[in-house]
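Please find below some notes for a reader who is new to this structure. They are meant to be read with the model open.

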Amino acid sequence: MSLSNLLSIQDLDSKIIWQILHTADEFKNPNGGKPKKVAALNGKTVINLFFEDSTRTRISFETAAKNLGADLINFSAKGSSVSKGESLKDTAQTLKAIGGDIVVMRHWASGAAARLANANWIDASIVNAGDGTHEHPTQALLDVYTIWKHFGDDFSKLKIGIVGDILHSRVARSNLLLLSKLGAQIYLIAPRTLLPMGFDKDHSTLPGVSVSYSLDAVLPELDVIMELRIQQERMEGGFFPSATEFSNLYGLRKERLSKLKENAIILHPGPMNRGLEIDATSADSEKSKVLEQVQNGVLVRMAVLFLIGTKS
Ligand code: CP
């Protein structure tokens, strides 16, 4: 199976998932430090097309493209003609006229990456860098890479807790699909108001997925705790009574750290709301792999661009 676009984890079988992970590992510098540079995409152009704010994803795709020797165009909706009402179609056709081989797109609308891939507006491969509340496939791949490096190949022995604002989280959706494909046991831990339709304590629609309304009930069993950002910008109305109550019940806080397994790790996709879903002691603890996730993001995004850009 070759990689033409990366729109959803749903499109990936286990062979291509492991190919991406092993390719990312090839780019790792054995002496530590910056990833290897390989001029595999010389002559290719990568376009970063960002309609929504980003720090980690945009910068790591930019670094990944440069590490592979590609030319790079950075487009941000802020400061562009999008503010004058230009449509996605016209923006895409403008970029087509300029020329691009791979478009990495973040968009506030769920399904925008698939729309761009399926419309005939641009002759380029499309990588979904986060679309609305739908998916963020490269985030899930870098999370899984980080877990793999810590625990090894056998995901079936791992219990992974995804905690907090699951309802609005494209990171949670992509991780659910990916971790489920790899055979991990997944706990969705959230108040009922922050769980998507189809998930409650007695039902879940994916194999290996359980739901808990109590973090404290499952915390000691977890190998990985993935705290999610509370996405206040996507919330209209109250999803929980107060920030203090959410933090008391679902936040990873100093007093909960000692209840984690000795070898457990903490993940957070960023940006973190310190003091809400995670406190400073937990975010900066030895168990926290937050900055390792960022470093691994460059390797995984290099792998994705490499596999797409060199496909025959
Ligand atoms: N994790 C993530 O997508 O972060 P950014 O919004 O900073 O890219």
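Predicted model: local features only at pLDDT ≥ 70, side-chain atom pairs only at ≥ 80, totals over all residues.

The points below take up the domains, their interface, the ligand and the salt bridges.

1. The domain assignment divides the protein into domain 1, made of 9–136 + 294–309, and domain 2, made of 137–289. The C-alpha centres of domain 1 and domain 2 are 25 Å apart.

2. Extent of the interface. Contact between the domains involves 32 residues of domain 1 and 27 residues of domain 2. About 2,600 Å² is buried between domain 1 and domain 2, and carbon and sulfur atoms account for 64% of this area. On the side of domain 1, I9, T133 and H136 contribute 26% of the area buried against domain 2, more than any other three residues.

3. Polar links across the interface. Between domain 1 and domain 2 there are 14 residue pairs in polar contact, with both residues at pLDDT 80 or more. The elements that each supply at least two residues to the side of domain 1 touching domain 2 are α1 (14–26), α2 (56–67), β3 (102–107), β4 (125–131) and α11 (290–309). Of these, α1 gives the most, with seven residues. Sorted by class, this side of domain 1 has 13 nonpolar, 11 polar and eight charged residues.

4. Salt bridges. The count comes to 11 salt bridges, and two salt bridges are found between domain 1 and domain 2. Side chains of opposite charge can pair when their charged atoms come close. R170 forms a salt bridge with E52, with 2.9 Å between the closest N and O atoms. K149 forms a salt bridge with D25, where the closest N and O atoms are 3.0 Å apart. K149 belongs to helix α5 (residues 137–151) and D25 to helix α1, so this pair ties together parts that are 124 residues apart in sequence.

5. Which residues are around the ligand? They are S54, T55, R56, T57, R106, H136, Q139, P269 and G270. H136 has a polar side-chain atom 2.9 Å from an oxygen atom of the ligand. For Q139, a polar side-chain atom lies 3.0 Å from a nitrogen atom of the ligand. With P269 the atom concerned is a backbone N or O, which lies 2.8 Å from a nitrogen atom of the ligand.

6. A cis peptide bond. Is the peptide bond from G270 to P271 cis or trans? This bond is cis, with omega near -10°. Most peptide bonds are trans. P271 is located in the loop between β9 (265–267) and α10 (280–283), and G270 is one of the residues around the ligand.

Note on methods:
Residues numbered from 1 in each chain as written. Heavy atoms only, no water. Domains from an automatic or database assignment. Contact = heavy atoms within 4.5 Å. Buried area = accessible area lost by both parts, 1.4 Å probe. Salt bridge = Lys/Arg side-chain N within 4 Å of Asp/Glu carboxyl O. Polar contact = N/O pair within 3.5 Å; in protein donor to acceptor, adjacent residues only side chain to side chain. Helix = DSSP H or I, 4+ residues; strand = E, 2+ residues; numbered from the N terminus. Nonpolar A, V, L, I, M, F, W, Y, C, P; charged D, E, K, R; others polar. Near = heavy atom within 4 Å.
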